[in-house]
Amino acid sequence: MNKQKFSLQPFPTDKSLPNLQITGNIRRYGNQLSLCYTLSGDLEEIAIAPLSNTPQRKHELWEDTCFEFFLGIKNSQQYWEFNLSPAGHWNIYRFNGYRQGMQEETAFTTLPFIVQNQSDTFVLALNMDLSGIVLEEQGLEVAMTTVIKHRDGEVSYWALTHQGKEADFHLRDSFMIEL
């Protein structure tokens, strides 16, 4: 399947935002998913946790800079939220429906991904097997999102689209990429 490129937009705000671009690509080949985020711009304005020597599953990663994506099964209410911290920490949550029945997804015990942090570019890349949660023939709807914590403590929310009055990554009509 073709690699699909994406570009994220900040949720509209009257506060000034650092000059950033969040772009990337995602691809599904069989039940292998590969994706890559590239954060570029004024990275000195952003709080980016240093890479941990012992990356592990952690909760509430979205309280700091966190790369996220949401996978939904086409024609189903069920979806998963994936949280990837620049420090290497991660978590995956399963939902039965819109913000309902949240549980840690136990089909994964590790989620290794690659982080490259340069002065003006931060790259996060993930390759994973989805066989533990979806069948190869099931179509997926994907939302690509990022939470950016600014050094001054402000937080901005980035997504393919913002459909609600508030930043809400769980809104299913923002799962715009089909794989």
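Mentor: Let's begin with a term: buried means under 20% relative accessible area, exposed over 50%, and partly exposed in between, using a 1.4 Å probe and protein chains only. The model is predicted, with local features needing pLDDT of at least 70, side-chain atom pairs counting only at pLDDT 80 or more, and totals for chains, interfaces and linings using all residues. Residues are numbered from 1 along each chain as its sequence is written, and side-chain values use heavy atoms, leaving out hydrogens and water.

Trainee: Then what percentage of the residues of the chain count as buried?

Mentor: The chain has 179 residues, and its C-alpha trace spans about 45 × 40 × 30 Å along the principal axes. Applying the cut-off for buried residues gives a share of 47%.

Trainee: How many strands does the secondary structure of the chain come to?

Mentor: Helices (H or I, at least four residues) and strands (E, at least two) are DSSP runs numbered from the N terminus. The chain reads β-β-β-β-β-β-β-β-β-β-β-β along the sequence. With zero helices, the tally of strands is 12.

Trainee: Is N31 buried or exposed?

Mentor: N31 sits in the loop between β2 (20–29) and β3 (32–41). Leaving aside residues up to four places away in sequence, N31 touches M128, D129, L130, S131, V134, L135 and E136. Its relative accessible area is 8%, so N31 counts as buried.

Trainee: On to charged pairs: how many salt bridges does the count come to?

Mentor: Side chains of opposite charge can pair when their charged atoms come close. The rule asks for a side-chain nitrogen of Lys or Arg within 4 Å of a carboxyl oxygen of Asp or Glu. By this rule, the number of salt bridges is seven.

Trainee: How many residues apart in sequence are the parts that K15 and E154 tie together?

Mentor: The side chains of K15 and E154 meet in a salt bridge at 3.8 Å, N to O. K15 belongs to the loop between β1 (4–10) and β2, and E154 to the loop between β10 (140–149) and β11 (155–159), so the parts they join are apart in sequence by a residue count of 139.

Trainee: What is the volume of the largest pocket?

Mentor: On a 1 Å grid over the protein atoms alone, a pocket is an open set of points where a 1.4 Å probe fits, with protein on both sides within 12 Å along at least five of seven lines; lining residues have an atom within 4 Å of a point. Grid points are joined across faces, edges and corners, and a volume is the space filled by probe spheres set on the points. For the largest pocket, that space is about 260 Å³.

Trainee: Which residues are closest to the centre of the largest pocket?

Mentor: The elements giving two or more residues to its lining are β4 and β11. Out of 14 lining residues, those closest to the centre are W62, E81, R99, F169 and H170.

Trainee: What is the phi of R99?

Mentor: Most residues other than glycine have a negative phi. R99, in the loop between β6 (90–95) and β7 (103–104), is partly exposed at 46%. Although R99 is not a glycine, its phi is positive, at about 55 degrees.

Note on methods: Contact = heavy atoms within 4.5 Å.
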